[in-house]
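Please look over the model below before reading the points.

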Amino acid sequence: MRQPLIAGNWKMNGSQESVTALLNGVKAGMGDVAKAEVAVCVPAIHIPLVQDLLKDSAVTWGGEDLSVHDSGAYTGEISASMLNDFACKYVLVGHSERRAYHNEDDEVVAEKFEVAINAGLIPVLCIGETLEEREQGITEEVVVRQIEAVITRVGIDTLGKGVIAYEPVWAIGTGKTATPEMAQEAHATIRTRVAKSDATVADKIQILYGGSMNASNAAELLAQADIDGGLIGGASLKAEDFLAIALAAN
Ligand code: PEP
């Protein structure tokens, strides 16, 4: 049985004041969350504050990206050991905004996945097709290629130590959500590809849906057989909305 994971991705948002209010609100509502693990992936600069606010709670935390290097002359980057130093559990790798604005290709994403695993972090591998790719009818080809890049680099057992997030790029931050059927179809494709390498890993690995998930569409999405949680952008910035999604997993 796969435990649902509801993970926030704050992207480049938040001040010390708003982060404190948001996490105090989330913590206050956690008593009603029966099933899901709740996590937040946050801007690096907020991680010390987030650790301080969450250290005695059930909410876990992580980074939004990491460097492939461990230390050295890489101005502006954050390493896996730095994330570890602040007790991060998760780190996003290959978010579509990193792929699009920072030219991260499948090989770089696979390397980041490996670096995260080697450091004891759980990478959340983000994959998904653009609108153009969906319209061309190559969604399956794209997500399979993105998964295979990681399997080729680290092997299927190591893939199984991470989490996958299926995020159709056209649904991220747009208010357009994949229908539960469309999302389920993509999730099943991903699980089938993992099963081709190892059925046990496929059975165990959590595959989250991301793309304008909110309080009103979460229950239907989370009810799908192969959807094991959500990666939540915009709706993770309001405690009430984020908690409603976590409660939908009950
Ligand atoms: C995301 O950034 O991973 C995401 C799913 O964003 P949103 O929920 O805002 O579409």
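Which side chain has an N or O atom 3.2 Å from an oxygen atom of the ligand? That side chain belongs to Asn 9.

1. Basis. This is a predicted model, in which local features need pLDDT of at least 70 and side-chain atom pairs count only at pLDDT 80 or more, while totals for chains, interfaces and linings use all residues. Residues are numbered from 1 along each chain as its sequence is written, and side-chain values use heavy atoms, with hydrogens and water left out.

2. Confidence. The average pLDDT (the predictor's confidence in each residue, from 0 to 100) is 97 for the chain, and 100% of the residues score at least 70. Helices (H or I, at least four residues) and strands (E, at least two) are DSSP runs numbered from the N terminus.

3. Ligand shell. The ligand is surrounded by 14 residues, the closest being Lys 11, Glu 167, Gly 173, Ser 212 and Gly 233. A residue is counted if one of its heavy atoms lies within 4 Å. Eight residues of this shell are polar, four nonpolar and two charged, with Gly classed as polar.

4. Largest pocket. The volume here is about 560 Å³. A pocket is an open set of points on a 1 Å grid over the protein atoms alone, where a 1.4 Å probe fits, with protein on both sides within 12 Å along at least five of seven lines; lining residues have an atom within 4 Å of a point. The lining has 24 residues, and Lys 11, Met 12, Glu 64, Asp 65 and Arg 98 are the closest to the centre. Helix α4 (residues 96-101) gives the most to this lining, three residues. By class the lining has 11 nonpolar, seven polar and six charged residues.

5. Second largest pocket. Its volume is about 240 Å³. Of its 14 lining residues, Met 1, Arg 2, Pro 4, Leu 222 and Ile 227 are the closest to the centre.

6. Backbone. Lys 11, in the loop between β1 (5-9) and α1 (16-29), has a positive phi near 55 degrees. Asn 103, in the loop between α4 and α5 (106-118), also has a phi near 55 degrees, and is likewise a residue other than glycine.

Methods. Polar contact = N/O pair within 3.5 Å; in protein donor to acceptor, adjacent residues only side chain to side chain. Points joined across faces, edges and corners; volume = space filled by probe spheres on them.
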